[in-house]
Amino acid sequence: SLANVDPVDVARSIKDLDPETTLVVVVSKTFTTAETMLNARTLKEWIISSLGPQAVSKHMIAVSTNLKLVKEFGIDPNNAFAFWDWVGGRYSVCSAVGVLPLSLQYGFPIVQKFLEGASSIDNHFYSSSFEKNIPVLLGLLSVWNVSFLGYPARAILPYSQALEKLAPHIQQGRVIPCDFIGVVKNQQPVYLKGETVSNHDELMSNFFAQPDALAYGKTPEQLQSEKVPEHLIPHKVNPSTPYDTTVLPKV
């Protein structure tokens, strides 16, 4: 999995791979996300440099709602997996966003069991009384602990290595002071022909932009002035978050 434009991460991810036997899955809802598409172009160039431009359509597939841009990128539309445009990020695991990579990794019979489990808890939530409804009871316990007992945080402690990513997946909502650490000189600089900046410059632009966004936050009024749809505003409101930044010459 490659979700970071840091050239070091790219280099590590492809270090032991052979383009001839590699299939790249580009997952992007709109096919315009800057970081995702920069990584996609980087891997596209990696494939072309070894196998030629004709290999792109055979070694890259996509998961996206924007099939027009998928085709323009050079991926065969027959190798694109679409999903609904109303599917949000953390809820997309049961769509092609999650099902395709998981199926490639574990096989679809395993993923089918996962989907059956998701369907089971959906049906339980929909049909069970509140007294026996697991999601409702967990939600009420959270309200009780936070609003009545005054506990501001909750630890999620899965005693299984298979669930190591569960806590980061569901962590959200709290204001946490942040320490940002950037690096001036990258260990694995990547300069793609036709790109305005290097991959590292793209990474560092995010480094400087994120603290700026956290410092000022977003109010409902600001989001309304930016023409954000009303139903999305509650999910995009952010309070001001304290932070500091450290820039290292190199690592």
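**Note on the predicted model**

1. Surface first. The accessible surface of the protein is about 17400 Å². Carbon and sulfur atoms hold 58% of that area. The model is predicted.

2. Overall make-up. The protein has 251 residues, and 27% of them count as buried. Its secondary structure consists of 11 helices and five strands. The C-alpha trace spans about 60 × 45 × 40 Å along the principal axes.

3. Contacts along the chain. Take the contacts in the protein with a separation of 6 or more: 58% of them join residues 24 or more positions apart.

4. Charges. There are 20 positive side chains and 23 negative ones. The centres of the two sets lie 1 Å apart.

5. Helix 6, length. This helix covers residues 108-127, which makes 20 residues. From first C-alpha to last, helix 6 reaches 28 Å. That is close to the 28 Å expected at 1.5 Å a residue.

6. Helix 6, buried side. Which residues of helix 6 are buried? They are Val111, Ala118 and His124. Seen down the helix axis, the buried residues fall within an arc of 140°, so they line one face of helix 6. An α-helix has 3.6 residues a turn, so residues three or four places apart point the same way.

7. The face turned away from the buried side carries exposed residues: Pro109, Lys113, Tyr126 and Ser127.

Definitions and conventions. Residues are numbered from 1 along each chain as its sequence is written. This is a predicted model: local features need pLDDT of at least 70, side-chain atom pairs count only at pLDDT 80 or more; totals for chains, interfaces and linings use all residues. Side-chain values use heavy atoms; hydrogens and water are left out. Helices (H or I, at least four residues) and strands (E, at least two) are DSSP runs, numbered from the N terminus. Buried means under 20% relative accessible area, exposed over 50%, partly exposed in between (1.4 Å probe, protein chains only). Contact means heavy atoms within 4.5 Å. Accessible areas come from the Shrake-Rupley method with a 1.4 Å probe; for residues, only the protein chains shown count as cover. Lys and Arg count as positive and Asp and Glu as negative; His and the chain ends are not counted. The place of a charge is taken as NZ of Lys, CZ of Arg, CG of Asp or CD of Glu. The expected span of a helix is 1.5 Å times one less than its number of residues. The arc is that of the directions from the helix axis to the C-beta atoms.
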